[in-house]
Structures are given as C-alpha cells and as structure tokens.
Amino acid sequence: MNTGTGMQHTEKEGKSVNTVLVVGASGFVGRAVVPALQRRGLQVRAASRTPLAEWQHVEFEPLPDLTVRGTDWSSILGGVSGVVYLAARVHVMNDQDPDPLGAYRAVNRDAALDLATAAAAAGVRRFVYLSSVKVNGEATIRPLVETDPPHPVDPYGQSKWEAEQALLDLGRKTGLEVVVLRPPLVYGPGVKANFMALARAAGQGLPLPIGAVDNRRSMVYVENLADLIATVLSHPAAAGETFFAVDAEDLSTPALTRHLAQAQGRTPWLPRLPVPVLERLGAITGKAPLIHRLTSSLQVSGEKAHRLLGWTPPYPVWQALARTGRALQPAGEGRPRRLTARQRVYLMVRGGVERVVALVLLLALVPVWSLTALAIRLDSAGPVLFRQERAGRRHRPFHIYKFRSMRADAPHLSTEEMQRSGLNPVTRVGAFLRRTSLDELPQLLNVIRGEMSFVGPRPALMTQAVVLKLREEAGVDQLLPGITGLAQVRGRDDLDDHTKVQYDAEYLRQAGVTMDLQVVTQTVQSVWHGTGTK
C-alpha cells in the first residue's frame, strides 16, 4: 500500500477493517468527503492521481487510467466495506472531443461499472455513485422528485443516466447495495467554473444586469453533500435508492449574488435588464447556455432523503455562501482570525485532559444527579434531561444535555427570545438549578463525547442565525462550545448578540491556560453570588 505525506496504513494482516474506498478523492467534492468519513470513525483509502498533503491517516492508492477498460481493481478493494465513486469526466461547454458521448461514457459509466463489478465480487457491501441532476435536464417548472422521468439533454447527463441504470441493475443481480446521489450545482470554497466567475464579479462590485431575474435554483454546499454521502454509506434505508442532494433553501440568481457580494464586504450592483433582452444578448455573444442557466429555474426536492434517512443539511445556505464568498477575499482582508499553532496544540492537549476530568466528575457527582433528578420529577411532569440541537465546532449540529429547568411543553427558543415574548416557563426547581448552574451538569456527557469543552463560547441554537454569522465572521466557530465562557461570566443573558460575540472573539485571541483559569475562577464566583444567571 502506497502512502503519501502524513499518511499511514492501518490495515492489519488478515483482518478486515471498516475501510471506505473513495475514488476521485483529491477532487473538489473528495476533499470534503474524506474528512467527513473520518469524522464518523471510518478509515479512508483514497484513490487519486496524487496524494494531498492535507490528508492525515489516509491510505493512498494511485488512480488508474479510467478511460481504459479492464483495470484490475482487486488489490485496491482488499478489506474495503464501501466504495464512493466521485471520479467523473466533468461537463464542459462546447466540448471539442470528436466523440464526446464516448469520452463521457468511459469515465462516468464504464469505469464505475467495472469497479462496481469488482467490488461485488470482493464482497463490498455498499457502492455510492455520485451522479448529477443533469440526468433530469436543465430547467424545471416545479421541484423535481426522484421518480420524475429522466431527461438528459447532453452527453454528460446521458452518460450519468446510463451509469445509474447499469449500477442499480448490477446491485439487483449481485446484492451489492448501490446508492445513487444526484446533486445540482455543488459549491463551496475552492469552487471553479461559472460559480466562481459570478462570485468574483459580485465581490468586485461589477454591474450584473440580473436584477429582474425571478427564478429559483437548487444547489448543494459541498460539506452538506459530503455529510449526505457519509450518511448513505451506512443507513439501511439507502440501499438501492436514488436521492437528490440539495440544500434546505433554493435561491434566485439575484439573491445568490447578493449573498456572495455581502460575504466579501460589497453591496451588489444589479441593474434590472429584462430577461428577454438578456436572452437576446446571450444569443448574439454566443453565451446563450450561460444566460439560460442564470435566468431559468432548476429545482429539486430533498424530501425523500429527509423522509427515508432523517437527513437534513447541517449547514444553512447563508452560512455556506458566507464561507464561499469570504474564501475569495485576499489573505488578511476580512478573513476571520485563526488559532495560532501554540493555541491548537494547547486545545488538543486540553481536550484529552478534559474528557478524563469530566468522567471523574460524572462518577463523583452521582449523588447530586440522583437528588436533582428526584426534585425535577416531583416538581413537574416530563423527562429529567433536556436534549436540544445546538451548534458545535464549525457550527456542526450536536445535541446538548441539560437538567430540565422548564415545563415540558416550553417552546424551543433561546432565553432572550422567551423574555422578548413575555414567556416564563421556568419551573420552581428549574429556577434554583439555573441560579446555581446545576442545570449544566449533564453537559459533562458532551465533554466526554468530545462535543464540548469546559471553557469556550456557549453553544447557540441552530436557529440563532445572527449569533452564528457573527461568530463565523470572527473565527469563533473554530472553538468547541463550552460549559462556561467569557461571555457567560461577563453577563450571560444580559448581553446583546454583538457584545457576546465580542467577548467570544476576545477569548479566541487569548485562548490559553491563563485565560481558561480566569474564566473558571470567575464562573465559580458568579455561581456563588448568583450573578449572570437567569
């Protein structure tokens, strides 16, 4: 087995490991898929033309020439339990190949089918094929669903459709669990082609005469797509199915442009030129296909993935576009602050220590847990623990645990939102738990699971878009959320969103032993005096 920079081989002789082969791992989507699989505890074997320096603990295999039939995949498939096929001859406008359909078929259909056949023979359980919405065409009048008839209009879409049929048929014959994903336009930092051109034009403040366009386009953020790929690799309901991979919100072209411009600190200039005039200009300049994509609608539904898999995109559109737009800014200009090398080492060491300490505290405080649980059950009906989705590091959602301090029917709002609405669902025992911060004790479970730290920015609700956006702009999303934090001891719910994030950013700048000791000391004082809590 070949290894690249920072890579190591972990397969033991004679022992199968939970390894996923990612074909096309160094591409735009592959760069997101590899870490997404590793976060789920999977070993990744990356097949690509060259290894990437960013890969850590990844097995590397040189990618054979996919345009040649008869490749022997057996050595690459040893010990593999799943395959993700991302390699593709990508769609290009004005293709000059003398046989474009044959060129697309070679990589998109034939190579994938050869690999899947070998995978079935090797006992691989699941095969995920990244197809394209172009199987369904270029425009829609309503959101498409997976059962709509295919309507490819170019060799790229045709080759993908043929590959889908061949792979699913192979799965039915051999028992290989094939899953097909059809993404629309995939975007994110590092995206190229027309999306990058639009983003750069928006960031430069150039006049873009699309203000009158009223369309809707489905897209998918590359990290959302990677998360869905990781999901379908293991979900039992995904076998033999086809899914659209799509963000939770569709945007018009003008709305997309505004997001990209604002992420780069610009106000977009969008003159309102009538769409028929744009189409005429496109025909004159030879840019008719590009104008068609900018002005037409192409929507797909993600309902099936949500219904069968329980999957929702972890990153909202505003956050994904903000990251994409900011990635185009020059270094140091509007970029969020990054952790220093010393801080990264400190936080890594601290994380290991915290897990041990949290486990010890969890066991030592069993009597406190028992008494608190009894008091909660006697005071009001409902569960002892409260579980809620919050934003973790990089704003990936996780479930936080607390002792329930409100009535079981309380709305899922932040404390500030309840106060503004005049709601007070806090129970009698809950008021005491909040005043003493005992309601936070179950978050020791989150620390043990590596989802939280003892000190860091308090985890926001996924619906608190303002806080999440401000934190990402400041770079605070690099940190694990904390049981306590600088903003927590400086005022907690008395602070507005901007002030909270200012304190979070101050913690980011000074993150280290000294700052953590200060926050812990002030937390103890705050709990003792009953300040900063509500």
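Visitor: In which helix does Thr523 lie?
Guide: Helices (DSSP runs of H or I, at least four residues) and strands (DSSP runs of E, at least two residues) are numbered from the N terminus. Thr523 falls within residues 513–529, and that run is helix H20.

Visitor: What kind of model is this?
Guide: Residues are numbered from 1 along each chain as its sequence is written, and side-chain values use heavy atoms, with hydrogens and water left out. Local features need pLDDT of at least 70, side-chain atom pairs count only at pLDDT 80 or more, and totals for chains, interfaces and linings use all residues; the model is predicted.

Visitor: Is Thr523 buried or exposed?
Guide: A residue is buried under 20% relative accessible area, exposed over 50%, and partly exposed in between (1.4 Å probe, protein chains only). Thr523 has a relative accessible area of 18%, so the residue counts as buried.

Visitor: Which residues is Thr523 in contact with, leaving aside its neighbours within four places in sequence?
Guide: Contact means heavy atoms within 4.5 Å. With those neighbours left aside, the contacts of Thr523 are Thr484 and Val489.

Visitor: What is the strand order of the open sheet of seven strands?
Guide: Two strands pair if DSSP finds at least two bridges between them. In this open sheet of seven strands the pairing is parallel, and the order is S3-S2-S1-S4-S5-S6-S9.

Visitor: Which are the edge strands?
Guide: An edge strand here pairs on one side only. That applies to the strands at residues 59–62 and 242–244, namely S3 and S9.

Visitor: By how many degrees are neighbouring strands of this sheet turned against each other on average?
Guide: Axes are lines fitted to C-alpha atoms, for helices over the stretch in contact, and angles run from 0 to 180 degrees between N-to-C directions. For neighbouring strands of this sheet, direction is ignored, and the average turn is 20 degrees.

Visitor: Which helix packs on the sheet?
Guide: The helix touches S4, S5, strand S6 (177–182) and S9. Its direction makes about 165 degrees with that of S6. The helix spans residues 222–232 and is H6.

Visitor: In S5, which residue is the bridge partner of Val84?
Guide: Strands of a sheet pair through backbone hydrogen bonds, either parallel or antiparallel. Strand S4 (residues 80–85) and strand S5 (residues 126–130) run parallel and are joined by four bridges. The partner of Val84 in S5 is Val128.

Visitor: How many of the residues of strand S1 are buried?
Guide: Strand S1 covers residues 19–23. Thr19, Leu21 and Val23 point one way from S1, while Val20 and Val22 point the other way. Residues on both sides are buried, and the count for S1 is five of five.

Visitor: Which residue in S2 stands opposite Val20?
Guide: S1 pairs with strand S2 (residues 43–48) in the parallel sense, over five bridges. Opposite Val20 stands Val44.

Visitor: What is the relative accessible area of Ser48?
Guide: Ser48 has its place in strand S2. Leaving aside neighbours within four places in sequence, its contacts include Trp55, Phe60 and Leu63. Ser48 is buried, because its relative accessible area is 1%.

Visitor: What is the phi of His57?
Guide: His57 is found in the loop between S2 and S3. At 43% relative accessibility, His57 counts as partly exposed. Although His57 is not a glycine, its phi is positive, at about 60 degrees.

Visitor: Is Ala193 buried or exposed?
Guide: Ala193 is found in helix H5 (residues 193–203). Ala193 is not a glycine, yet has a positive phi of about 65 degrees. Its relative accessibility is 62%, so Ala193 counts as exposed.

Visitor: How far apart in space are Leu298 and Val222?
Guide: Leu298 lies in the loop between helix H9 (288–295) and helix H10 (303–309). Leu298 counts as buried, because its relative accessibility is 7%. Not counting residues up to four places away in sequence, Leu298 touches Val133 and Arg216, among others. Leu298 and Val222 are 76 residues apart in sequence, and their C-alpha to C-alpha distance is 18 Å.

Visitor: Is Gln502 buried or exposed?
Guide: Gln502 is found in helix H19 (residues 497–510). With a relative accessible area of 52%, Gln502 is exposed.
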